[in-house]
Structures are given as structure tokens and as C-alpha cells.
Amino acid sequence: MSDDATPRLTLPYLAAGQAQKHVTLNEALSRLDGLVQTAVESRTTAAQPGSPDDGAIYILPVSATGADWAGKAAGTVMRYDAGAWAELEVAEGHIAYVKDDGALVFFDGAAWADITSAIDALQGLSLLGVNATADATNKLSVASAAVLFNHVGAGSQVKVNKAAAGDTASHLLQTGFSGRAEFGLTGSDDFALKVSPDGSAWHDVMSVDRSTGRAAFTLSALHQTHVTVLTASGSYSVPAWARRLRIVCIGGGGGGGSGAAGTNAANRGGGGGGGAGGRAEAEFDISEVGASLTVTVGAGGTAAASVTGTNSGAAGGAGGTSSVQDGSTFLVGASGGSGGAAGTTASTSATTGGTGNVVGNGGGAGSASGNGGAGTSASVGEGPGGGGGGGGLITTSGTSQGGRGGNGFAIGLTSRLASGGLGGVGVDGVAGAAKAWTRGCGGGGGGGGAISSANAGAGAAGGAPGGGGGGGGGARDTFNSGAGGVGGAGEVWIIAVG
């Protein structure tokens with residue numbers, strides 16, 4: 001430690017008993033005037049000014065010129081005071097403001113540098129609080145009325161990165177440090193938005209699939225629609241997002257009747273085709289129904305068994321009713337088609353279809369003297385087709401053809417109909433086609449043909465949902481008559497609309 005000057009600014013000390021103390025004191029004050037809150041005129045002026053202001057300070061650049069500046073090292077601080085130039089000695093860390101370029105510079109012990117270069121020292125800070133206190137969780141904490149991220153160039157981004165797909169990268173919006181909304185990648189790589197009334201219980205609002213871009217809204221802001229097709233009885237839970245329910249019931253198709261058998265002494269009629277299941281539809285506001293509904297799906301009607309000897313045929317079984325209940329209250333119901341009539345010595349009547357919004361398509365009549373009647377499809381275009389009637393034998397010998405099953409339409413779209421089965425000429429009918437799309441209906445089964453020299457043709461099964469089974473053909477007493485075809489099972493469709 002020097003006994004003559006201070007260690008950092010080298011301000012001269014006053015010695016005990018020193019004469020002319022004011023000289024030493026004034027020298028110290030002059031140095032303080034230059035070193036405290038230093039403001040220099042320039043750091044690029046190389047030529048020594050001819051008449052500088054008293055107290056003017058310059059940081060010399062390389063190759064400075066002038067009587068007092070020449071030969072001085074770059075970075076030397078020169079101050080003009082009382083008509084003379086004097087060098088100011090500065091220590092490491094000294095800061096100065098440069099007037100002509102508005103820069104703030106500091107001395108690093110060897111040279112002067114812009115203060116911005118020292119900001120690199122801020123890299124790797126473990127905590128940073130701006131008008132706030134950072135902590136181990138919130139390592140950057142800012143208390144401000146607003147935060148601005150301004151663009152540099154064509155645009156700007158705020159990036160939040162996570163390490164793995166199951167982690168979270170999100171923005172959390174809070175009230176009193178309690179979460180109210182969160183959006184981002186919350187536990188997966190799909191974008192999600194959720195809200196909370198208290199920061200504890202959270203409700204999902206929406207998600208966007210990262211692979212397809214498809215958005216799904218939990219409470220259906222975009223009026224989503226979901227179709228549930230039920231082919232077996234059970235329960236249906238109403239979605240929380242739904243606002244309306246459209247319910248469609250298709251009853252089971254009736255089974256076909258079997259043909260009669262007997263001698264040439266009488267006609268041997270074919271069995272009637274089963275009637276198509278009914279179709280019923282209704283729409284409900286979500287406030288009109290409970291949270292869980294009971295669904296019953298009607299079974300297809302049973303097929304009548306064949307007979308031999310001298311006997312009338314048997315009637316087919318009726319299709320089951322399909323319905324939806326809210327507790328004990330029926331919301332929608334469609335009955336099954338009637339079973340086809342038994343073949344006798346006379347032609348049967350056409351079979352009625354099940355009931356719904358309208359009466360369903362009927363089954364074809366069994367004939368006692370020729371080709372069986374066709375199942376219907378035109379009267380209820382949106383419903384299943386009726387089964388074709390069985391062909392009959394007159395008192396002599398020969399063959400006849402079973403009736404064709406009615407088409408099952410897809411809500412009037414003929415390009416998507418389920419074709420009714422063809423009736424056989426002395427052979428089995430062809431099964432009715434199943435529905436051609438999600439909300440289509442089945443075609444009726446074709447009727448069996450009659451023949452005197454062999455077992456008669458059986459009626460074919462009705463297509464699902466709701467197609468009527470075909471009627472069986474008539475036969476001689478030494479052969480089997482044609483059995484009826486089973487009716488197509490019913491279905492229930494529940495369309496939830498947001």
C-alpha cells in the first residue's frame with residue numbers, strides 16, 4: 001500500500017506538516033472531477049484539439065497526433081485542465097460515457113470495450129428476477145404490467161420446449177396463482193386446451209390431433225355428430241357434449257312361412273314372406289332425456305319348419321320390437337314385421353310390415369297356383385324390404401318360382417339399396433342383402449320355388465336390419481315342403497348432435 005496516494009484512483013494524500021496543502025488537495029479534486037461519472041468527448045478523435053473546453057476528456061485511438069497526444073498508447077485517457085493536458089490513470093472496471101456515439105464503455109484492465117460485451121457474462125445465470133424474486137421453480141420471474149417481445153427481421157417466436165412426449169409444454173393462466181386455463185402440449189404431443197374453476201378440477205375443452213389436424217371439442221363447439229349403431233340390447237350413455245339425440249329404431253323382420261305338402265288332389269300353396277321390420281324415428285333435446293338410456297334390439301322372426309305328407313305349412317315368427325327407453329318411459333319404438341302365413345290349399349294374404357312412423361313394407365303372398373308374390377319395398381322407401389312369398393303347385397305337376405324379396409333402401413338413396421333376394425324356380429330363394437351403409441336397411445329374402453319331383457325350395461333369410469324372410473315353396477306329399485327364411489335382426493341408431 002502506498003503512503004502517497006490512494007490504491008485505486010491514485011489520489012494524492014496530504015502529508016503531516018505538509019506545506020502548501022492546497023496544491024495536493026486541488027490535484028486530488030481535479031482527478032476526482034475527471035474520474036467520477038466520467039463522460040468523454042470521443043474515443044475516435046485522433047488529432048489533438050486546438051482549443052478544447054476546460055475539463056474535456058478524450059480516450060485516445062490508435063496513432064493519436066499532437067504535441068501532448070502523440071506517442072500515447074491507444075486507450076489512454078487525456079483530460080484538459082487549466083490550459084494543459086494530463087493523463088488520467090484508470091483502473092479495471094472503470095466506466096465512461098462517450099458523448100459523440102452515445103456508447104457506454106468500460107476498461108477491462110488493458111483496453112476499452114462496449115458495455116454490451118459484458119452482458120455475455122449474464123449467460124448461464126441460475127436465477128433472474130425482474131422486479132420480482134426468482135426461485136428454484138420459477139427461475140425467471142417478471143413482475144410487469146406488460147411484456148413485449150418485438151420482432152427482429154421477418155418475424156418472432158416464443159418457444160416452449162419439452163424433453164419427452166409425456167411431458168408438458170404449456171401456458172398456464174392463473175388468478176391469485178390458482179390455475180384457470182391451460183393450453184399447449186399437456187402430457188402428449190397433441191395440442192390441448194382445458195379450464196378450471198378452482199385450479200384443482202380441470203375440464204377438457206378441445207384437442208387437435210398432431211397427425212391429421214382434426215380438432216375434437218369435448219362439449220362440441222363445432223356441432224360434432226356421432227352415430228352409434230346398436231345390434232344388441234344394452235344401455236347407452238348420453239355424451240356430455242351432446243345437445244340433441246336423434247334416435248332411429250328398426251324392428252326385426254318377420255320369419256317366412258313354410259309351404260304346404262299334399263297330393264295332386266288339391267293345390268299346395270307356398271308360405272307367405274315375412275313382413276319387414278318397422279322404422280321409427282324421433283329427435284330429442286338433451287334436456288328431455290336422462291344420462292343413460294335402455295336399448296332393446298328386436299330379434300329376427302323365426303323361420304317356419306318344412307312339412308311333408310298331406311299337411312299345411314307353418315307360420316313364421318314375428319320379428320321383435322326395437323326400442324329406446326328413458327327409465328320406464330318409451331322414447332322411440334318400432335315393432336317387428338309379422339310372420340309369413342302358413343301355406344295351405346289357398347293362396348295366403350300379403351304379410352304386414354312392422355309399425356313405426358308408418359307401417360313397414362309387407363311380405364309377399366304365398367301362391368297356391370303359381371309364382372309367389374314379391375315382397376314390397378316402394379311404400380316405405382326408408383325401411384327394410386319384405387320377404388318374397390313361396391311358389392305353389394296346382395293339382396297337376398310342374399314347378400313355380402318364389403317371389404323376389406323387397407329392396408332395403410338407405411334413406412331413399414337407390415344407389416345404396418340392399419337388394420331383395422331372388423325367388424327360386426323350384427329351388428331355394430336367395431338371401432336378402434344386408435344394409436349397404438351405416439344407416440341402411442336390409443333387403444327381404446327371396447321365396448322358395450315349388451316343385452313336384454323333389455323337395456321344394458326354402459325361403460331365404462332377410463338381410464339385416466329388418467328384412468323379412470322368404471316363404472317356402474309347396475311340395476308333393478312324398479317330399480318336403482320349403483321351410484321359411486329367418487327374418488333379419490333389428491337395429492337401433494342413436495345419433496348424438498353437439
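Visitor: Hi! Is Lys162 buried or exposed?

Guide: Lys162 counts as buried, because its relative accessibility is 15%. Buried means under 20% relative accessible area, exposed means over 50%, and partly exposed is in between (1.4 Å probe, protein chains only). This is a predicted model, where local features need pLDDT of at least 70 and side-chain atom pairs count only at pLDDT 80 or more, while totals for chains, interfaces and linings use all residues. Residues are numbered from 1 along each chain as its sequence is written, and side-chain values use heavy atoms, leaving out hydrogens and water.

Visitor: Which residue does Lys162 meet in a salt bridge?

Guide: Asp189, at 3.2 Å from N to O. A salt bridge here is a side-chain nitrogen of Lys or Arg within 4 Å of a carboxyl oxygen of Asp or Glu. Lys162 sits in the loop between β9 and β10, and Asp189 in the loop between β11 and β12 (191–195), 27 residues apart. Strands are DSSP runs (E, at least two residues), numbered from the N terminus. Asp189 is partly exposed, at 31%.

Visitor: What about Lys435, who's the partner there?

Guide: Glu491, with 2.9 Å from N to O. Lys435 lies in the loop between β25 (413–418) and β26 (450–451) and Glu491 in strand β28 (491–497), so this bridge ties together parts 56 residues apart in sequence. Glu491 is buried, at 6%, while Lys435 is partly exposed, at 23%.

Visitor: How many salt bridges does the count come to?

Guide: The count comes to 14. There is also a network of them that links Arg244, Arg246, Arg279, Glu281, Glu283 and Glu382.

Visitor: New topic: how many disulfides does a search find?

Guide: Zero, across the whole structure. The cut-off is a pair of cysteine sulfur atoms within 2.5 Å. Cys249 is buried, at 0% relative accessibility, and Cys441 is buried at 0% too.

Visitor: And which residues form the nonpolar patch on the surface?

Guide: Leu125, Leu128, Val130, Leu140, Val142, Val147, Phe149, Val158 and Val160, with about 840 Å² of accessible area together. Strands β8 (128–130) and β9 (140–142) each give two or more residues to the patch. Patch members have over 30% relative accessible area and no salt bridge; like charges are joined within 9 Å, and nonpolar side chains (Val, Leu, Ile, Met, Phe, Trp, Tyr) within 5 Å. The areas come from the Shrake-Rupley method with a 1.4 Å probe, and for residues only the protein chains shown count as cover.

Visitor: Where is Val158 found?

Guide: In the loop between β9 and β10 (168–175). Val158 is exposed, with a relative accessible area of 55%.

Methods: Helix = DSSP H or I, 4+ residues; strand = E, 2+ residues; numbered from the N terminus.
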